[in-house]
Amino acid sequence: MSWLCIVAVSGVPATMAMADERIDQLQEELRELRRAIVVRDDVIRHLIDRLDELESHLHPSAPGPAQIREPDPQQEALEQAVQEAAEEERREQERLIRAAFEQTLIDRGGLLLPPGTFEADLGFSYISSSSDRIVIDGFTILPVLVVGDIVNERVRTDIAQTTFTGRIGLPEDWQLEARIPWGWQRRQVVTAENEESTQSAQGLGDIELALSHQLIRGSERWPDLLGSLRWKTTTGDNPFDQEPGRQLSLGSGFNSYAGSLTVVHVTDPAVFFGGLSYTYNEGVDIEAGRFRSGNTVGAQVGLALALNLDTSISFGFSQQVSASSRVDDARIPGSSLVTSTFNVGASYSTSPDFTVDFGLGIGVTADSPDLQFTVGMPLRLRQ
C-alpha cells in the first residue's frame with residue numbers, strides 16, 4: 001500500500017508538465033488565429049474599398065467612401081491614358097471607315113483633299129451604245145408623202161478612254177483639278193441590206209479644269225455643302241472640221257462651263273450624297289451659221305456604304321436634261337436629250353494612300369449609253 005502511494009505522488013509533476021505544454025500549444029494556435037483574423041479583416045476592407053470604387057465609376061452621382069477618399073494620382077493617370085487610347089482608336093476607326101468610301105465622294109465632288117495633298121488618278125473607261133435610226137434619201141412633199149428611199153440603219157458606238165486626273169488640296173478648303181483624256185472611238189453602221197461601214201478615231205480629248213470649295217462644313221445633323229466650277233476646253237478634234245463623210249471626233253468643238261452644288265451627310269457607316277449642276281455651252285461658227293449646243297441641267301443622288309475598314313460599295317442615280325441645239329436662231333428638231341444612268345461601284349483601299357475603284361453604269365433612257373464601265377487607281381501623295 002505504501003508503495004502505490006509513492007508511485008502516484010511521483011506521477012503528478014509529469015502530468016502537470018504535459019498540461020502546461022498543451023496550454024502553450026493552444027495559446028500559440030490562438031495567436032495564429034488572431035493573426036489570420038487580422039489578415040482576413042484587411043482583405044475584406046480592401047475588397048470593400050474596391051467595390052466602392054467600382055460603384056463610384058458606374059454611378060458617379062451616388063455618394064460613397066470612394067468619393068470621399070483622397071484621389072490616387074497613379075490611378076487617375078492610368079484611367080486618363082485608357083480613355084485617350086480608346087478615343088484615339090475610335091478616331092482611327094472612323095478615319096479608316098471614311099477612307100473606304102472617300103474616293104467615291106471625291107469623284108462625285110463631295111469631298112476635298114486636305115491642304116498640301118496631291119492625288120494622281122489613272123483611270124480607264126469603256127462606253128458602249130447602240131441605236132436604230134431611219135435615213136431618208138430623197139425629199140418630202142407632204143408630211144405623209146416621201147419621194148426617195150427610206151433606209152433603216154443600226155448604229156453601234158464603242159468608246160475606250162484612258163484618263164489622267166490630277167488633284168491638289170489647297171488651303172482654306174479649296175481644291176484644284178485637271179483631267180486629261182486620251183481615247184479611241186469606233187462607229188459601226190449596219191443597214192437593212194446587211195451593208196456594213198466602220199469609222200474609227202483616236203487621240204487627245206477635251207482637257208477639263210475644275211476648282212472646288214467647301215461652302216459649309218456640316219455637323220452630325222446638317223450636311224456638308226460643296227461647290228465646283230468646271231471648264232471643258234477644245235483640245236480634242238473639232239467635229240465641225242472633219243473631212244466629208246467622216247463624223248467621228250474625240251472633242252466637242254466648243255467650250256463648256258459648268259457649276260455644281262453637292263451635299264454630303266455622313267452617318268457611319270453610310271454616306272448620303274446628292275447634287276445639282278448646270279452646264280452652259282459656248283457657240284461656235286460653222287458653215288451653216290452659228291451653232292450652239294443646248295445647255296444641260298443635271299441631278300444626282302446616291303449612297304456609299306462601308307462594308308469594312310478597306311471596302312465600300314456605292315449606288316447612285318444621275319440624270320441630265322439637255323435643251324435643243326440651235327443653228328443661228330433655228331432649233332434643230334430632235335436634238336434635245338434626256339440621259340439617265342443607274343450607277344453601281346466598289347472601292348478597295350490597299351493602303352491609306354492607294355485605292356482601286358470600280359464603277360458600272362447602266363443606261364435607263366433611250367438617249368443614254370447602254371453600258372459604262374470604269375476603273376480608277378488613285379495614288380495619294382502627302383507632304
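Analyst: Start with a hairpin: S7 and S8 form one, with 2 residues between them. The two strands pair in the antiparallel sense over 12 bridges. Two strands count as paired if DSSP finds at least two bridges between them.

User: Before we go on, what sort of model is this?

Analyst: This is a predicted model, in which local features need pLDDT of at least 70, side-chain atom pairs count only at pLDDT 80 or more, and totals for chains, interfaces and linings use all residues; side-chain values use heavy atoms, without hydrogens and water. Residues are numbered from 1 along each chain as its sequence is written.

User: OK. How many helices and strands are there?

Analyst: The protein chain has 4 helices and 17 strands. Both are DSSP runs numbered from the N terminus: helices are H or I with at least four residues, strands are E with at least two.

User: Back to S7. What does S6 do with S7?

Analyst: S6 and S7 run antiparallel and are joined by 9 bridges. Within that pairing, Lys232 stands opposite Ser256 in S7.

User: And the stretch between them. Where does Ser252 sit?

Analyst: Ser252 is in the loop between strand S6 (224–232) and strand S7 (256–267).

User: Is Ser252 buried or exposed?

Analyst: Ser252 has a relative accessible area of 18%, so it counts as buried. The cut-offs are under 20% for buried, over 50% for exposed and partly exposed in between, with a 1.4 Å probe and protein chains only.

User: What is Ser252 in contact with?

Analyst: Setting aside neighbours within four places in sequence, Ser252 is in contact with Asp206, Lys232, Asp237, Pro239 and Phe240. Contact here means heavy atoms within 4.5 Å. A polar atom of the Ser252 side chain also lies 3.1 Å from the backbone oxygen of Phe254.

User: New topic. Which residues make up the largest nonpolar core?

Analyst: That core has 10 residues: Leu105, Ile106, Leu111, Leu112, Leu113, Leu226, Val264, Val271, Phe273 and Ala304. Helix H4 (73–107) and strand S8 (270–281) each supply at least two of the core's residues. A nonpolar core is a set of buried Ala, Val, Leu, Ile, Met, Phe, Trp, Tyr and Cys residues joined through side-chain atoms within 4.5 Å.

User: How much of the chain is buried?

Analyst: Of its 383 residues, 30% count as buried. The chain exposes about 24,400 Å², with carbon and sulfur atoms supplying 60% of that; the area comes from the Shrake-Rupley method with a 1.4 Å probe, and for residues only the protein chains shown count as cover.

User: Now S3 and S4. How do they run?

Analyst: Strand S3 (residues 174–191) and strand S4 (residues 196–204) run antiparallel, with 9 bridges joining them. They form a hairpin with 4 residues between them, and Asn194 in the turn has a positive phi of about 65 degrees. Gln185 has Ala201 in S4 as its bridge partner.

User: What is the strand order in the open sheet?

Analyst: The open sheet of 4 strands has the order S9-S10-S13-S14, paired antiparallel. Strand S9 (284–286) and strand S14 (330–331) are at the edges with a single partner strand each, so one side of each has no neighbour in the sheet. Strand S10 (residues 289–292) pairs with strand S13 (residues 326–327) over 2 bridges, and Phe291 stands opposite Val327 in S13.

User: Last topic, charges. How many salt bridges are there?

Analyst: A search of the whole structure finds 12. A salt bridge is a side-chain nitrogen of Lys or Arg within 4 Å of a carboxyl oxygen of Asp or Glu.

User: What does Arg186 form a salt bridge with?

Analyst: Its partner is Asp158, with the closest N and O atoms 3.2 Å apart. Arg186 is in strand S3 and Asp158 in strand S2 (residues 145–170), so the pair ties together parts 28 residues apart in sequence. Arg186 is partly exposed at 28% relative accessible area, whereas Asp158 is buried at 4%.

User: And Asp285 and Arg290, how far apart are they, N to O?

Analyst: Their side chains meet in a salt bridge at 3.1 Å, N to O. Asp285 is exposed, at 59% relative accessible area, and Arg290 is partly exposed, at 38%.

Definitions and conventions. Polar contact = N/O pair within 3.5 Å; in protein donor to acceptor, adjacent residues only side chain to side chain.
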